[in-house]
Amino acid sequence: MNKVKHIIYSDLDGTLLDHYTYQASAAMNVLKQLEKAEIPVILNTSKTFDELEIIHRELKLTTPFIIENGAAVYIPIGTFAKQPADTVIKGNYWVKSFCLPVQHWLDLLSKQAGKFSKHYQGFSSLSDSTLSELTGLTITEAKRAKKRQYGEPIQWLGNDSSKKEFVEHMLNQGANVVQGGRFLHVGDSCDKGQALLWLTKQYQEHYRTYFNRASVCTIALGDGENDIAMLEAANIAVQVKSPVHEFPTLHRQQRVTKTQLLGPEGWAEAIQKLLAKQLLSH
């Protein structure tokens, strides 16, 4: 029998974490149910490795996670029977990188975006206290958020017209620019969808070996524009309602859900509806 194995890919801010409080309280019971049902929850976010390692521990997850908008996948060593090809060992993880390092993008901004410099502030130029004020993060959390490995988030200070001009200019310089929940992210041409597809392939090979040719069904949950590639790539897309912006437009029409509840409450509701049978059987 070709058993279907589910994998959940989730954004954090505004999705699994409340936009204002950064708490996942409303989703914790569902996370416990998913663990019992052996359904992996993969965090797929713009956050850094330093941020995610802490959040991972707080959410009691032991699964792989994806950092900086798909820039790299971190897989705890031993998740699969053998180390995936094209990964390197960093600490306790097998790591697959898709992007050039952050210094490349800092140099590009410095050399090619001078005429826009008055319109934005980059993470690297912000003090810990300023970033804390902008985001509501603690000083310690702000320090972790600044430890970027692959790209530079920026706070846009100009109008929409100048932002559009900036994005077009940076695209012409070879950068990728995506809108996150609070910041524009300047980096390589990688995205959350590409990382989802690569990691799903690793799970498929693992399940094929150990679960008698099991097929995989991916569920992605997100609220922002930087989640679009992930939502388009998954088998099932869940758009989580945001308190600060409308649902981003998707090309796909099939197997798309929009939550009525905000953030982690919407996240939990959607998962319970989609996986009711699996969760109730454990």
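Helices (H or I, at least four residues) and strands (E, at least two) are DSSP runs, numbered from the N terminus.

A word on the model: it is predicted, so local features need pLDDT of at least 70 and side-chain atom pairs 80 or more, while totals for chains, interfaces and linings use all residues. Residues are numbered from 1 along each chain as its sequence is written, and side-chain values use heavy atoms, leaving out hydrogens and water.

Next, show the sheet. This open sheet has four strands in the order β7-β8-β10-β9, paired antiparallel (pairing takes at least two DSSP bridges). β7 (120-122) and β9 (176-179) are at the edges with a single partner strand each, so one side of each has no neighbour in the sheet. From one strand to the next, the twist averages 30°.

Zoom to β7: three bridges join it to antiparallel β8 (residues 152-156). Pick Y120, and its bridge partner in β8 is W156.

Back to α6 for D160. At 61% relative accessibility, D160 counts as exposed (over 50%; buried is under 20%, partly exposed in between, with a 1.4 Å probe and protein chains only). The C-alpha atom of Q278 is 45 Å from that of D160.

Last stop, α9: the buried residues include W267 and I271.

Definitions and conventions: Axes are lines fitted to C-alpha atoms, for helices over the stretch in contact, and angles run from 0 to 180 degrees between N-to-C directions.
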